[in-house]
Amino acid sequence: MPIPQSYPPKLPETNPHRLFYAPVGNPLGIAPGVANAVWFTGSTGNHMGYQTEAFDSAGETTSPSSSSTPTGITESATGAEWVTQPGDGDIGSLPSLFSTWTEYNVGGTPTNIVSGPDNMLWFTDGRNVDQFSPYTDVE
């Protein structure tokens, strides 16, 4: 079957999609979060970046560990961003936009993470599904 002349279809001039430069290298995970922004992880350079909803601000923060390889990301019920760091076996937390990034060793290779309906953080580590409490496991 021949491809129609109009392939691929052209988007209308009023395309609601915006493309923007991701301030992190190799963006992997993406989630809404702190500062009314969309946050994403970047495995190159161990970064987490953000882009505000109004597209008026973008930035990044770097993991304290040079080999963390941030991958999965989610916002917890506490409002903090949580990121898996399979390179170090850690889960990292960023409570607010300009706060200090904190890391908690959970072992294994944590890759994906979600905030569950029980307000616990659930993550995969390549072998298991596990949970982490942003309330009690951070002491």
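Buried here means under 20% relative accessible area, exposed means over 50%, and partly exposed is what lies in between, with a 1.4 Å probe and protein chains only.

Before you go on, note that this is a predicted model: local features need pLDDT of at least 70, side-chain atom pairs count only at pLDDT 80 or more, and totals for chains, interfaces and linings use all residues. Residues are numbered from 1 along each chain as its sequence is written, and side-chain values use heavy atoms, with hydrogens and water left out.

**Stop one: the loop between E4 and E5**

Ser65 sits in the loop that joins strand E4 (58–62) to strand E5 (73–75). Show the surroundings of Ser65 and you will find contacts with Asn46, Asp88 and Glu103, leaving aside residues up to four places away in sequence. A contact is a pair of heavy atoms within 4.5 Å.

Now pick Thr69, which lies in the loop between E4 and E5. Its phi is near 55°, a positive value in a residue other than glycine. Thr69 is partly exposed, at 30% relative accessible area.

**Stop two: the four-stranded sheet**

Color E5 to E8 next. These four strands make an open sheet, in the order E5-E6-E7-E8, with antiparallel pairing. Which strands stand at the edges? They are E5 and strand E8 (102–105); each has a single partner strand, so one side of each is left without a neighbour in the sheet. From one strand to the next, the twist averages 25°. Such angles run from 0 to 180 degrees between N-to-C directions, with axes as lines fitted to C-alpha atoms (for helices, over the stretch in contact).

Look at E6 and strand E7 (residues 90–94), which run antiparallel and are joined by five bridges. Strands count as paired if DSSP finds at least two bridges between them. For a landmark, select Val83, whose bridge partner in E7 is Gly92.

Then move to Glu81, in strand E6 (residues 81–85). Is Glu81 buried or exposed? Glu81 is buried, with a relative accessible area of 0%. Among the residues that Glu81 touches, not counting those up to four places away in sequence, are Pro32, Trp39, Met48, Ile73 and Leu94.

**Stop three: the three-stranded sheet**

Move on to E9, E10 and E11, which form an open antiparallel sheet in the order E9-E10-E11. Strand E9 (113–115) and strand E11 (129–132) are at the edges with a single partner strand each, so one side of each has no neighbour in the sheet. Neighbouring strands here are turned by 25° against each other on average, direction ignored.

In the loop between E9 and E10, select Asn119. Asn119 has a positive phi of about 65° although it is not a glycine, and at 33% relative accessibility it counts as partly exposed.

**Stop four: the hairpin and its salt bridge**

Strand E10 (residues 121–124) pairs with E11 in the antiparallel sense over four bridges. Step through the pairs: Leu121 stands opposite Phe132 in E11, and Thr124 has Val129 as its bridge partner. E10 and E11 form a hairpin with four residues between them, and Gly126 in the turn has a positive phi of about 90°.

Zoom in on Asp125 and Arg127, whose side chains meet in a salt bridge at 3.8 Å, N to O. A salt bridge is a side-chain nitrogen of Lys or Arg within 4 Å of a carboxyl oxygen of Asp or Glu; by this rule the count is one. Asp125 counts as buried at 7% relative accessibility, whereas Arg127 counts as exposed at 62%.

**Last stop: a nonpolar patch**

Finish by showing the surface of Val114, Trp122 and Val129, which make a nonpolar patch of about 280 Å². Val114 belongs to strand E9 and is partly exposed at 47% relative accessible area. Patches take residues with over 30% relative accessible area and no salt bridge, joining like charges within 9 Å and nonpolar side chains (Val, Leu, Ile, Met, Phe, Trp, Tyr) within 5 Å. The areas come from the Shrake-Rupley method with a 1.4 Å probe; for residues, only the protein chains shown count as cover.

Terms used: Helix = DSSP H or I, 4+ residues; strand = E, 2+ residues; numbered from the N terminus.
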